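Okay, thanks for having me, everyone.

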Amino acid sequence: MRLLLIALLCLLTPSVHAEPPREQWFTALLDGRKIGRMEATREVDGGIVRSMQQLSLTLERAGSAVEMSSRSEATERLDGTPLSFAGSSRLSGNASRIAGTLSGTTLRATLHDGHAESTREQAWPAGALLPEGLRLAGLKAGLAPGTRYTTRAFQDMTLDAVDIVTVVGARETVDLPDGPRDLVRLEQMLDFPGAPITTQAWVDDELTAWKLVMPVFGTELTLLACDRTCASAPNQGSDIFSRLLMRSPRPLAGAELAGTLRYTLEPRSGSADALVLPQTTEQQVMRRGGAVEVVVARDARISTQDRPTAADSAATDWLQSTAPDIVALARRGAGEADGAAARMQALEVFVRGYIATKNLDVGYASALDVARDPRGDCTEHAVLLAALARALGIPARVVTGLAYAPGFAGSRDAFVPHAWVQAWTGDRWRSYDAALNGFDAGHLALSIGDGDPWRFYAGIGTLGNLRLERIEPAAPR
């Protein structure tokens, strides 16, 4: 989730200017408190446009500061034809970078995850644009109220593209650090798979962006154009963790968690249609008027659908299941266990003990990072467990969501942001939680993926926007 903030903001940078300034600075505010800054530059030299966007944020989780930064660069022709790109990110000391060139419709990229360098060749996503191409598309569409147009923005860290649907709105007076301006509001819908996100931008008649707003975790993240001194002012700090907690109306007993529970959820703001939770072998989701009813059972049902694909067993940049260190650790953790279910139970216990240092100081580490430096929170437990499973040929996925905690970081009886693993044990997907004492009915899944934090789209609109109205025991379905 944390890295996705960077990915979203890079898509929302001021890339549509009639005559863009060489340099712009922005202050980043979370619910009115300064948490970072952004710099954007653009240079034209000999028919080539080079643009750069650099973002740095500081968030707090239960008293631990998390530093994150991202830098994106692009080279294009004056007509918006993409030529090359580069991206890098850093999160609590964990760094990754990528660079690529485009030859015709073929993309060649080099990736470095902090451990090893790899190369990749693939087709350029059809219609994908870099900042100059997006700028030209905005100029062509114009600012007539009601104008609607769609562009495809390339995402360097995932080597794919996302559709952005823009609707031109009314002219408004907007208060900025340097004084009020008359600006035109643009509503932009980022069409992430299964979890679209709507943002707003305010631009002047030359299509220079001065304000950007996106919803995150039940509040708003705002970028305001200002001078360098303003953007570089000290951060005020914001504990994002407290915003993501979902309070329980009552304590949950161990016997309840070992069975099946029915949750009635409502959004804190907006429509219940915005609450998108996945159906799994342990979680059934139904809509009841303005609420969402979720039934969670500790024991998974047999499923003839949603069988594993090749991607569920493959090594990735975050689940390096073919790395010698991971393979050796998987064999050590599984021991003499026979069969997928028994091996997963052994690996769950092994990872719980292997990560001896439990803290929130690690932002988001890959499985190989954790194997070599065993510390972190639930995300580190999840990515390592998933990678160990894949190393033994067991299809595995990383689940992000909420889990019940009777007490955590000073809070009592709350559901806290959490990550665990689903593994295919032969006839069903079963959940395993190495960070807590195993999976139980106190887990609510929000998204399922391969551990790549750049693709955690669903939680942005759901985390922080859930209110738990009622919990009651239920019969398994």
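So, let's start at Val285, whose bridge partner in β19 is Val294. This is a predicted model, so to speak of local features we need pLDDT of at least 70, side-chain atom pairs count only at pLDDT 80 or more, and totals for chains, interfaces and linings use all residues. Residues are numbered from 1 along each chain as its sequence is written, and side-chain values use heavy atoms, with hydrogens and water left out.

Back to the strands. β18 and β19, the latter being residues 291-297, run antiparallel and share six bridges. Strands here are DSSP runs of E, at least two residues, numbered from the N terminus, and two of them pair if DSSP finds at least two bridges between them.

Zooming out, the open sheet has four strands, ordered β18-β19-β17-β26, with antiparallel pairing. At the edges sit β18 (283-288) and β26 (466-473), each pairing on one side only. From one strand to the next, the twist averages 20°, with axes fitted to C-alpha atoms and angles running from 0 to 180 degrees between N-to-C directions.

What about disulfides, meaning cysteine sulfur pairs within 2.5 Å? There are zero.

Last, confidence. pLDDT, the predictor's per-residue confidence from 0 to 100, averages 88, and 89% of the residues score at least 70. Residues 1-8 fall below 50, with 39 contacts beyond near neighbours in sequence; a contact is heavy atoms within 4.5 Å.

Methods:
A disulfide is a pair of cysteine sulfur atoms within 2.5 Å.
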